[in-house]
Amino acid sequence: MNKLRVLFCSDHPDALSGYSVQTKLIALGIKDHCDLALLATFGLHGSIQDWNGIPLFPGGADAFSNDVIGKAAKRWNADVIITLKDALVFRPETFNGFRWIPMCPIDHDPSTPQVIERVRQSYRPIAYAPHGFRALRLAGLDPLYAPHAYDPQVYHPMDRTEARKLFNIPNDIFVIGTCAVNRGGLPSRKAWVENLEAFALFARDKPNVRYFVHTDLADDTYEAGVQLRPIMAQLGILDKVLFCDQDRYRYGNGFPPEYMRAYYNALDVYNGVSNGEGFGIPVLEAQACGVPVITGDWCAHEDLNFAGWKVAKHEAHHFFDQQQGYVFIPNPQAIARCMAQAYDMESCDG
């Protein structure tokens, strides 16, 4: 019996983005069960490469490779094309003659009409969070379910003292962390303003606390990112905020998984509150490292917070955003309360 021929389209598996991590895990997991080729919508141009014995097609001139996906699928003689990106970035005509299976995030509640309409034009969608599965079913679709994952060989608990040595963080400091992109203007999808305001409320009478933000501070408003330093300065917390190497974050070779494992293990609590998540891999990775988390109780995170604290829906403003859908803008006081509960628990344990 011939194996299914699959073209899987997402970021280059070694590009170190969230999509890259999932592409690597998925590709290595399914490559023995189908005839698999990859296409890098980000991270490769110019030539076909070999990646762990799997053909890797380059991206095209279009930002999401709509101009070359069909050509690569034809060359690979694909039976199906699986995409791992927001469904709206792909044009339905890209997949003419092929079965399109979008693995797509649903980060609004309910899903936006545009996303549902685009997914209706696919062969069959795959949801990778319970919220997305429920939202697609509610819209009358029949999705498959394949949750995102983490690599337990990488993300697991380690000695906190050893982890903190990498960042020169003393053991007597209480550290909150957030690892999230900073792009797209206001309101920030990752609730950067609200999270910084929350930390300011929490930290005002606590000299031994720090907020370790793993993101682009957007000093030059790159990718319409929120300029975070002026906000930190205005809130009076600039001296209590730690941040990653900015040049390495944007222009270097990125931060390998072993670095990120140390980052999570250096924290006392991970703060992943945002306006809405399709999944939110860092929340899973942090918990795999034994670190409790703070999230909102909406979208993907209502099902992915296994150990920690949640900001309730009634503690957030239901906001209609530019994508023509509803998200939740959290109340900074509610986030600050969760931070305080984590701090009090750590003080009792310590």
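**Figure 1. Strand β2 and its parallel partners.** Strand β1 (residues 5-11) runs parallel to strand β2 (residues 35-42), and seven bridges join the two. Strands are DSSP runs of E with at least two residues, helices are runs of H or I with at least four residues, and both are numbered from the N terminus. Two strands are taken to pair if DSSP finds at least two bridges between them. The model is predicted: local features need pLDDT of at least 70 and side-chain atom pairs count only at pLDDT 80 or more, whereas totals for chains, interfaces and linings use all residues. Residues are numbered from 1 along each chain as its sequence is written, and side-chain values use heavy atoms, with hydrogens and water left out. Arg5 has Asp35 as its bridge partner in β2. Between β1 and β2 the chain passes through helix α1 (residues 18-30), and this β-α-β crossover is right-handed, that is, with the strands pointing away from the viewer, the path from the first strand over the helix to the second runs clockwise. Strand β4 (residues 54-57) is also parallel to β2, to which two bridges join it; here Leu38 stands opposite Leu56. Six of the eight residues of β2 are buried, where buried means under 20% relative accessible area, exposed over 50%, and partly exposed in between (1.4 Å probe, protein chains only).

Figure 2. Six of the six residues of β9 are buried. Phe174, Ile176 and Thr178 point one way from the strand, and Val175, Gly177 and Cys179 point the other way. In a regular strand the side chains alternate between the two faces of the sheet. β9 and β10 run parallel and are joined by six bridges, with Val213 of β10 as the bridge partner of Thr178. Together with α6, these two strands make a right-handed β-α-β unit. β9 also pairs in the parallel sense with strand β12 (residues 269-271), over two bridges, and Gly177 stands opposite Tyr270 of β12.

**Figure 3. The largest nonpolar core.** This core has 37 residues, of which Phe174, Ile176, Phe199, Phe202, Met232 and Met339 touch the most other members. A nonpolar core is a set of buried Ala, Val, Leu, Ile, Met, Phe, Trp, Tyr and Cys residues joined through side-chain atoms within 4.5 Å. Two or more residues each come from β9 (174-179), α6 (192-203), β10 (209-214), α7 (228-235), β14 (308-311) and α12 (332-349). α6 gives the largest share, eight residues. Beyond its neighbours within four places in sequence, Met232 is in contact (heavy atoms within 4.5 Å) with Leu196, Val213, Leu217, Ile237, Leu238 and Val241.

Figure 4. The whole structure holds 20 aromatic pairs. Rings of Phe, Tyr and Trp (its six-membered ring) pair if their centres lie within 6.5 Å; planes under 30 degrees apart count as stacked, over 60 as edge-to-face and the rest as tilted. Tyr155 and Tyr264 are edge-to-face, at 5.9 Å centre to centre and 65 degrees between the planes. Because Tyr155 lies in the loop between β8 (144-145) and α5 (160-165) and Tyr264 in helix α9 (residues 257-265), this pair ties together parts that are 109 residues apart in sequence. Both Tyr155 and Tyr264 are buried. The ring centres of Phe167 and Tyr259 are 5.4 Å apart and their planes lie at 85 degrees, so this pair is edge-to-face. Phe167, in the loop between α5 and β9, and Tyr259, in helix α9, are 92 residues apart, and both are buried.

**Figure 5. The β15-β16 hairpin.** Strand β15 (residues 316-320) pairs with strand β16 (residues 326-330) in the antiparallel sense over five bridges, and His317 stands opposite Ile329 of β16. Five residues lie between the strands of this hairpin, in which Gln324 takes a positive phi near 65 degrees.

**Figure 6. Backbone geometry in loops.** Most residues other than glycine have a negative phi, and most peptide bonds are trans. The peptide bond from Asp109 to Pro110 is cis, with omega near 0 degrees; Pro110 lies in the loop between β6 (99-103) and α3 (113-120). Another cis peptide bond joins Leu186 and Pro187, with omega about -5 degrees, and Pro187 is in the loop between β9 and α6. Thr221 has a positive phi of about 55 degrees and lies in the loop between β10 and α7.
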